[in-house]
Amino acid sequence: MNRKDKQEQILRMSGVNARKCMRCGKCSATCPAYDEMEYHPHQFVYMVESGNIEPLFESESIYKCLTCFACVERCPRDVQPAKLIEAVRVMALRQQDNTHMKKGDLPMMLDEDIPQQAIVSAFRKYTK
Amino acid sequence: MIFSYYPGCTLKTKAKDLDRYGRKSAEALGITLEEIPNWQCCGGVYPISKDEIATKLSSVRALASAKEAGQDLVTLCSACHNVLKQVNNDMANDEEICAKANRYLELEEEYHGETNVIHYLEMLRDKVGFDKIKELVKNPFTGKKIGAYYGCLLLRPGKVLQMDNPENPKIMEDFIRAIGGTPVIYPMRNECCGGYVTLEDKALANKRSGKVLENAKDMGADMLITACPLCLYNLNKNTDGYDVPVYYFTELLAEALGVKD
């Protein structure tokens, strides 16, 4: 898939209009996973807008988004960056053998109190 | 009053207290919660991508089941509430998702987002009324300074969930007043605890939950209440010396109503 096709697919999957972004940075300022991210929410927006998507696919940043909807709620232009991050992540996970959580990883992550909610969420976010 | 009830996976396992005290309190308030037959797990997080259809179907089944019963659908877990309301919004407003889901499910009658989904707290506020609850309280939490922890899933995205003002909510504070306590308002009450990322990045969850607890403590909270099993887990696992116990709001409600055993 070429650069343009990838960009179009991500925009279609997310329903986001990246051109509405006015670069205020509020999404990144409010992001609880900011420190853990190599590329921050506002960078996702302009990297997708400019078609520079490959580095995002390769980055751990796509697995750091907590899906807390803070950037979705607080964007003054209603760009909703979390939807772009999700689209990049889903596209990456759909590539063959490209699962983020491997078989056998899960038992090591558990303790006796961990709620099922966390486990089913991890399956949804880390695997396809 | 009779409602369809969707407990979700965690309320049957690690969060039995959230469910048990919720049911007991509902009973005391004259409400019948009818558990949806054969419900399936909502998946924990809303599948945001527009071309994700299969992952939305379990929610659609639950929504259609409540429609068939002709009842509003009550949820108690923050995550189920978030997923069901967002999928319901898709079914009502996204023609493509709605058409694909219906084509797949082949329900007797097509589903188009007709069901009204409400969180248990909304049921208390809008169907019972906090004033009525106040009258029924037997053991008020007088003098207790209680912080509401909303987290992220109860309120956002505000336009879809329509539960309360997502940046300046008051539903849980009003609940605290109804059971006789004193609400403590602290800025971190609607920020994320670290969520499911706690599975692979303990440090992140530790940092996020620590900020919530530190802030609640600074503002004078004796305890916090939550509607989310994952918030409860993250806050309890990352106390970092902040002595702020966290409870399910239904436990306090049951205690206040005198039905906690």
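These legends go with several close-up views of a predicted model.

Local features are drawn from residues with pLDDT of at least 70 and side-chain atom pairs count only at pLDDT 80 or more, while totals for chains, interfaces and linings use all residues. Residues are numbered from 1 along each chain as its sequence is written, and chains are lettered from A in the order in which they are written.

**View 1. Chain A is built from helices.** Chain A has eight helices and zero strands; helices here are DSSP runs (H or I, at least four residues) and strands are runs of E (at least two), numbered from the N terminus. Its C-alpha trace spans about 45 × 35 × 20 Å along the principal axes. The radius of gyration of chain A, taken over C-alpha atoms, is 15 Å, close to the 14 Å from the globule rule for 128 residues, so chain A is as compact as a globular protein of that length. That rule is 2.2 Å times the number of residues to the power 0.38. Of those 128 residues, 45% are buried (20 or more other C-beta atoms, placed from the backbone, within 10 Å of their own).

**View 2. Here chain A meets chain B.** The contact takes 31 residues from chain A and 37 residues from chain B; two residues are in contact if their C-beta atoms, placed from the backbone, lie within 7 Å. On the chain A side, helix 8 gives the largest share, eight residues. That side of chain A divides into 17 nonpolar, six polar and eight charged residues. Nonpolar means Ala, Val, Leu, Ile, Met, Phe, Trp, Tyr, Cys and Pro, charged means Asp, Glu, Lys and Arg, and polar means the others, Gly among them.

**View 3. Chain B comes in two domains.** Domain 1 covers 2-120 and domain 2 covers 138-257, with bounds from an automatic or database domain assignment. Their C-alpha centres lie 23 Å apart. Where they touch, domain 1 of chain B supplies 21 residues and domain 2 of chain B supplies 17.

**View 4. Now for the largest nonpolar core.** A nonpolar core is a set of buried Ala, Val, Leu, Ile, Met, Phe, Trp, Tyr and Cys residues joined through C-beta atoms within 7 Å. Among the members of this 124-residue core that touch the most others are Leu84(A), Val88(A) and Phe175(B). Helix 6 of chain A gives the most to the core, with seven residues. Both domains of chain B give residues too, so the core lies between them.

**View 5. Zoom in on Phe175(B).** Leaving out residues up to four places away in sequence, Phe175(B) touches Leu121(B), Leu124(B), Phe130(B) and Phe249(B).

Note on methods. Buried ≥ 20, exposed ≤ 12 C-beta atoms within 10 Å, placed from the backbone.
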